[in-house]
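Keep the view open while you read.

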Amino acid sequence: MTAKLDLVIVGSGPGGMAAGILAKQQNLSYIILEKGHNPMQGIIDTYPKGKKVYPTIPKRYTQPFPVDEIRPPDERVPVEAYIDQAKNIVDSLDLKINFNEEFKTIEGNHPDYMVKTDKGSYLTRAIILAFGSNIPNDLGIYGEAKTVARNIENPEDYIGINVLVIGGGNAAADVVASLSRIKREARDASSVYWAHIKEKFEINTDTARDLGEEILLGGQIKILQRAVPKIGEVDTEGIDRLYIHQASTASMGNDLYLYQGMSFPMKNVIACIGTHGPSAIFDALHLQQITCTGTICKIAKEGERLLMLSEHHETNLKGIYAIGGAISPSYMEIGSDGMIKEKKHSNLIYTAVLDASTVLENMGSE
Ligand SMILES: Cc1cc2nc3c(=O)[nH]c(=O)nc-3n(C[C@H](O)[C@H](O)[C@H](O)COP(=O)(O)OP(=O)(O)OC[C@H]3O[C@@H](n4cnc5c(N)ncnc54)[C@H](O)[C@@H]3O)c2cc1C
């Protein structure tokens, strides 16, 4: 067991990195836990390649950008340059980040919280939850298949391979189009199979346009509608395979069914499993949420549950804070007058960084 820390920060997005920088300035002992391989992994996973990053400050905010190191440059650089900026900061400031380490849960009580990860435990006085808004849906059945929330890191790895993409939304469509383009440009004859459990795909007009263009340009995209994934085949060479059958199976009576399907090595399967908000995680951590009913909420919909936070972003559990995308687009704020009201919180780099500075200011004044 290592010594007790002042602060554990979950996530190395703009919010988590800003918190780390400020913690270091205050000489606090801290660690940032990041489940991905890189700082800003959430941004790497969700921005399309080359997307320009804007240093947007919403109108109602008057404070300047609080942590300069995390501010996207005014000249609107592509996301790759912004990620390089983050990597340089990690190196130059020697920020303490444990990559490839996934936060799981919190045990104990203030001031002796135990943060549990897939690699170990950390005893700490305070915790900042900065894990963003895109929590991948956990569909454990896909085993060693690659599960992605939005983009794949290295589409080139799939050249020469018949690959199966599972999912019916924009994320799957983007992955299908980008894999097909890479294969087509490399004059690769293997295909991208795209399977969805339903009849209809749910994609927006821009994504549909990219996909249509890719098909017309000669992309090898094979669409499998009403395709049901089944797990558990191991072939004669010991390779795990995913079997998918199309729902138009015929019953032969007497509990017998005739299936028609395809089988892919699991490692060639990409499951675009989509994301959900962090409400279930807040529940599991026993953080208080309030359900929107009647006219209480203007931003969140009826029935949605919003995390309750103090003006300093502290949850109902002392020393546990939540910031950034994880609390967007709104949360419930308890004002100093004791009144609780829905507070708008734009999901932007600026707001995540501002939240981090609010928390660290509060911790410093304790
Ligand atoms: C396509 C797109 C374009 C955008 N463009 C802009 C823009 O131009 N300007 C702007 O200001 N904002 C933009 N945004 C919004 C901005 O990216 C977010 O507001 C910001 O990234 C939120 O920062 P965050 O630190 O709260 O969360 P994130 O950036 O989501 O970071 C969370 C981090 O936590 C990690 N994590 C998650 N779960 C765990 C776990 N269990 N254990 C350990 N680590 C974990 C993730 O891997 C991730 O690295 C854009 C968003 C999208 C999707």
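Q: Which residue of E23 stands opposite Glu333?
A: In this predicted model, Glu333 stands opposite Lys341 in E23.

Q: Why are E22 and E23 called paired strands?
A: Pairing takes at least two bridges between two strands. Five bridges join E22 to E23 (residues 340–344), so the pair meets the definition. The two strands run antiparallel.

Q: What do E22 and E23 form, and how many residues lie between them?
A: They form a hairpin with five residues between the strands. In the turn, Gly338 has a positive phi of about 85°.

Q: How do you know that E20 also pairs with E22?
A: Three bridges join E20 (residues 305–310) to E22, and the definition asks for at least two, so they pair. These strands run parallel. Met308 stands opposite Met332 in E22.

Q: What makes E22 largely enclosed by the rest of the structure?
A: Strand E22 spans residues 330–334, and four of its five residues are buried. Buried takes 20 or more other C-beta atoms within 10 Å of a residue's own. Strand E22 is therefore largely enclosed.

Q: Which residues are closest to the ligand?
A: The closest are Gly11, Gly13, Gly42, Gly132 and Gly324, in a shell of 34 residues. Helices H1 (14–25), H2 (41–46) and H7 (349–365) each give two or more residues to that shell. H2 gives the most, with four.

Q: How do the residues of the shell around the ligand divide?
A: There are 15 nonpolar, 15 polar and four charged residues.

Conventions
Residues are numbered from 1 along each chain as its sequence is written. This is a predicted model: local features need pLDDT of at least 70, side-chain atom pairs count only at pLDDT 80 or more; totals for chains, interfaces and linings use all residues. A residue is buried if 20 or more other C-beta atoms lie within 10 Å of its own, exposed if 12 or fewer, and partly exposed in between; C-beta atoms are placed from the backbone. A residue is near a molecule or strand if its C-beta atom, placed from the backbone, lies within 6 Å of it. Ala, Val, Leu, Ile, Met, Phe, Trp, Tyr, Cys and Pro count as nonpolar, Asp, Glu, Lys and Arg as charged, and the others, Gly among them, as polar.
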